[in-house]
Amino acid sequence: MSTPSGFSDAGFSDEGLARIPRFLEAQVAAGALPGAATLIWRRGRVAHHSLVGVMDIGRATPMRQDAIFRLYSMTKPVTAVALLMLVEEARIALDDPVTRFIPGFANLTLRDGGTPSRAMTVLDLARHTAGFTYGFHHRTPIDAAYRAQRIAEMDTEGGLPAMIAQLEKLPLEYSPGDAWIYSVATDVLGYLIQIVSGQSYADFVRQRILAPLKMADTDFQVGLSKHGRFTACYRLEDGKLELFDDPQHSPWFAAPKLESGGGGLVGTAGDYLRFCRMLLGRGELEGVRLLSPKSVALMTMNHLPEGAEIADLSPAADAFNESGFRGIGFGLGVAVTLDPARVGIAGTAGEFAWGGMASTAFFVDPKEDMAVLFMTQVIADTARRVRLRRDLRSLIYGAMTESYACQK
């Protein structure tokens, strides 16, 4: 474990911060996590970092600061930034109909055979109100069709164009704007970025986001020289960690056939912190500006119809949601805290966050000048992931001794 101390000038109690690795060590000891890395940035510096457990249980490889993790859905905010860069250049707009770029979507029907009540927009894709789904929801025949056709899988022959061709033949779950269902919509956004920019989606992200932010260890595959830093990924089944992806024989070592805007990136905690710091800096990091402050504000405000919460638009109480609480809205690629009282844990209105399938998570609290990164590699049920993130937020805010948001 590595835990710096003496950072009380960042507005935290050293004793409070020390609870974070103790909590995670207990999770490791209980067999719920293999290991984890935590980073907190506040007031212009790293206020806390800790490493617990291992990167690979079978090989007893200690967790390291430059470990590379599968980001999965933490790719989605990166895709949202890419979209907004093109919006700033007036090459695409949030209210554009998606059929402007994908004419075949004009023939989409609903699952009951009906016609959508309105056209799908780019905004619908960015906020998960487009009508698409994911195969892992296991709720409807359309989910089953997504599983059978392996929609948006990284080894899809033909890449993003082939995925679009598949979606053109499948019905929508609901009419655009009528519901919020976590879906492959962000992968469709990646395709739009490819069409509008004239570059592959991955090249656009590399050249316009990763390289300027010096995110040198983040990419759509793990390079040969970095194989030794790649973490094992586990699935938690019946209370036991089972190996899901061996870091020495991983599909992530090869370039993906489908460059996924919804879940295709791998990277380090330090790299993703730079991305978060750019958003915390209202689009700028160390003299490099990716977005205007207005675009970051647009990204991180609630875009759900009539200011609804995710829970209001989810079609089932158990619908998949990386945030998991009431009091949460959705912006462009990120969940947004609307009312901490409804969330039921300490926090700040205006926080934005998201997480990944392997239990990674981040949140940015602009009012507290803070960004938090949590990295591990465990695919677990939604309730367990949500509870882990809830407990970490409670520990972090519980360690805070000074609050900008509470000043009067």
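The radius of gyration used here is taken over C-alpha atoms, and the globule rule is 2.2 Å times the number of residues to the power 0.38. With 408 residues, a compact globule would have a radius of gyration near 22 Å, and the chain agrees with its 20 Å.

Before going on, a word on the model: it is predicted, so local features need pLDDT of at least 70 and side-chain atom pairs count only at pLDDT 80 or more, while totals for chains, interfaces and linings use all residues. Residues are numbered from 1 along each chain as its sequence is written, and side-chain values use heavy atoms, with hydrogens and water left out.

**The chain as a whole**

Along the principal axes, the C-alpha atoms fill a box of roughly 60 × 55 × 40 Å. The chain has twelve helices and 15 strands; these are DSSP runs numbered from the N terminus, with helices (H or I) of at least four residues and strands (E) of at least two. Of the 408 residues, 58% count as buried, where buried means under 20% relative accessible area, exposed over 50%, and partly exposed in between (1.4 Å probe, protein chains only). Among contacts (heavy atoms within 4.5 Å) with a separation of 6 or more, 70% come from residues 24 or more positions apart.

**A buried threonine**

Now let's visit Thr186, found in helix α6 (residues 185–197). Thr186 counts as buried because its relative accessibility is 3%. Leaving out residues up to four places away in sequence, Thr186 touches Lys76, Thr79, Leu125, His128, Gly261 and Gly262.

**Salt bridges**

Side chains of opposite charge can pair when their charged atoms come close. The structure holds 27 salt bridges, each defined as a side-chain nitrogen of Lys or Arg within 4 Å of a carboxyl oxygen of Asp or Glu. Here are some examples.

| Pair | Closest N and O atoms |
|---|---|
| Glu173 and Arg111 | 3.0 Å |
| Lys257 and Glu157 | 2.4 Å |
| Arg206 and Asp219 | 2.8 Å |

Glu173 forms its salt bridge with Arg111. This pair links distant parts of the chain, 62 residues apart: Glu173 is in the loop between α5 (159–167) and α6, and Arg111 in the loop between α2 (76–88) and α3 (122–127). Glu173 counts as buried, at 6% relative accessibility.

In the second pair, Lys257 is partly exposed, with a relative accessible area of 46%, whereas Glu157 is exposed at 57%.

Finally, a network of salt bridges links Arg64, Asp66, Asp217, Lys226 and Arg229.
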